[in-house]
Amino acid sequence: MCETLASASFSSGSDTDGASPPPRKKHRASAAEGAGEPGASTVATGLSGVVLGFTTTSPNHQATSAIHLNITPVNNLSGNNMQSNGEGQGQDSELSCLNSAQNGESSSAVGTHSNGVLTSTNNGNSVGAGLGSGTCVASTSSGSEVGSMKKKKRLSQSEEDVIRLIGQHLDGLGLNQTVDLLMQESGCRLEHTSATKFRNHVMEGEWDKAENDLNELRALMHSPNAIVRMKFLLLQQKYLEYLEDGKVLEALQVLRGELTPLKYNTDRIHVLSGYLMCSHAEDLRAKTEWEGKGTNSRCRLLDKLQTYLPPSVMLPPRRLQTLLRQAVELQRDRCLYHNTKLDSSLDSVTLLLDHVCSRKQFPCYTQQILTEHCNEVWFCKFSNDGTKLATGSKDTTVIIWQVDPESHQLKLLRTLEGHAYGVSYLAWSPDDTYLIACGPDDCSELWLWNVPTGELRTKMSQSHEDSLTSVAWNPDGKRFVTGGQRGQFYQCDLDGNLLDSWEGVRVQCLWCVGDGRTVLASDTHQRIRGYNFEDLTDRNIVQEDHPIMSFTVSKNGRLALLNVATQGVHLWDLQDRVLVRKYQGVTQGFYTIHSCFGGHNEDFIASGSEDHKVYIWHRRSELPIAELTGHTRTVNCVSWNPIIPGLMASASDDGTVRVWGPAPFLDTQENCSNMDS
């Protein structure tokens, strides 16, 4: 291998053309001599295959120099530093760097980035070199230096916030040295110095100093009234601690001389004054529901005080945990199949994966087919405690099924017979002791059964011309209302005695509101009205454009779910009296189909359909999240177990009741990527 150097000689006036290259040693000497020119650079490497191309321009000379080097490997090459006066410099054991300087000009070393591109400035002109990683170049600049150290990046506001949140969390874990190092290295401040003093004085019980700290914090606060509230909380703690220590005179002085002059929350001051009569510390803690003097009560005090301070001064307590908990809850809310109890604790979830529930965990799979009825099954309803299921059929019977608490399998418990017209509607009493059965339009009778004994308590019929097709229990469990499309609307006791009646109301479906006074009734005028049996007033609540075949109300009484003829399933807000959502997919003609709320927090809606399917929606989504097949005729009713969110039943004209549950052999890995139940 050879080393070749091609150079253009500098001259004061013109370039020298056509000169043959001199020998190699001659050129090395020339390179050394050329170091005396202003802006010249000297390069040395200990690596093979390095090609260096650079251009220099001197303000006094317009000549351009291009250098191409092919260098053979040189072993044990010591670092050489050369200056124009010939004095040697120090060595680098790994990379040979040549520093040249003359006439008092400064010399600066420029190191390459990992991508191998280096740019430096020489007398204001750019010098670019393509170097291998690790190559070191020393160049002389007149009046400028390029540092190899990166300038520290300025943190954005969001980055500072994240660092403070992490610092607060680590501080809560007791990793104080780690917090100090994090704040020092990032240049951030966990909280204002005045806030730190305030925190320490509160935790140490130095109430006078803490009160003085509030004066320093006053200028940092947004609300002028916050100081008074914070001072009240401080003095209240001070007062209670004096009482616990038996220092009654000091406590009385705080009450009269410090708390009362604030003229704030006088009702609370009166309550505090009553604690002076407590005979001992245990009595005081019991009456005040206070933990007593110590770290716990002072931490709780600080949590309250922090709410009055801007986050730039002192972060809200456990802010990172709050944000993480909100993120988990948001993911659960957006999860279409989340049907387990909401646990607010972060210990029940993993933060390393997004929360996603599988459809296999959802009650979309047939667990049982109940075939004991011998005709169309018109209605089904789980008891309020979720332990039983009642089904009514055209075959004139009601069957009570027992739900196994472990396997969730249903077993026949009791058959109730004698309903000559069939059973089209069922209603459990609030305590599940009684069950009322109603028939179709031409049925004038109503049966009230004692479920534990299987005995018929009451068989009610006011007139053979009546049509008693719907019923609803009063929340007190001692009364019920019933009615039908022939204009009957009665309120009765458990023995069937008529208590009140409302004439001329053609009732399609009924529901008793939680206040115990108001009854909601859908009628033949495509509306739902509220009837008050105490003051005999009524008002319009819902108005539809098509007949309301049935409706049900959520547990909190806020939402109503309507099955509307030819329209499908509609969700109404009873308080605001507005239509919230129309659910798509279901086939609804003029058959009476009963839908239901279900799942944890009643987040889901299920309905039968005339296309032989069961449809399930998330309450916030108009499109179905599941379409359950298996029935061969119209599905008349769906009931969701109120206690077991993964259990649902459907009744159909095909004579069967299907029990739906999760997939039978759940793979825990497929079930949920984040198991939190």
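This is a predicted model: local features need pLDDT of at least 70, side-chain atom pairs count only at pLDDT 80 or more; totals for chains, interfaces and linings use all residues.

Guide: Four strands make an open sheet in the order β6-β7-β8-β9, with antiparallel pairing. Strands here are DSSP E runs of at least two residues, helices are H or I runs of at least four, and both are numbered from the N terminus. Two strands pair if DSSP finds at least two bridges between them.

Visitor: Which are the edge strands?

Guide: β6 (377-382) and β9 (410-416), each pairing on one side only. From one strand to the next, the twist averages 20 degrees.

Visitor: How many bridges join β7 and β8?

Guide: Five, in the antiparallel sense, between β7 (residues 388-393) and β8 (residues 398-403). As for T391, its bridge partner in β8 is I399.

Visitor: OK, helices. At what angle do α2 and α3 pack?

Guide: About 165 degrees, with the axes of α2 (residues 157-172) and α3 (residues 176-186) 8 Å apart. Axes are lines fitted to C-alpha atoms, for helices over the stretch in contact, and angles run from 0 to 180 degrees between N-to-C directions. That angle makes α2 roughly antiparallel to α3, a label for angles over 145 degrees.

Visitor: Which residues make the contact?

Guide: α2 brings I163, R164, I166, G167, L170 and D171, and α3 brings N176, T178, V179, L182, M183 and S186. Contact means heavy atoms within 4.5 Å.

Visitor: Switching topic: is S194 buried or exposed?

Guide: S194 counts as buried because its relative accessibility is 9%; buried means under 20% relative accessible area, exposed over 50% and partly exposed in between, with a 1.4 Å probe and protein chains only. S194 is found in helix α4 (residues 193-203).

Visitor: What does S194 contact beyond its sequence neighbours?

Guide: Leaving aside neighbours within four places in sequence, S194 is in contact with E216 and L217. Its C-alpha is also 8.6 Å from that of L214, 20 residues apart along the chain.

Visitor: And how many helices and strands does the protein chain have?

Guide: Twelve helices and 32 strands. Of its 677 residues, 45% count as buried.

Methods:
Residues are numbered from 1 along each chain as its sequence is written. Side-chain values use heavy atoms; hydrogens and water are left out. Angles under 35 degrees count as roughly parallel, over 145 as roughly antiparallel, 65 to 115 as roughly perpendicular and the rest as oblique.
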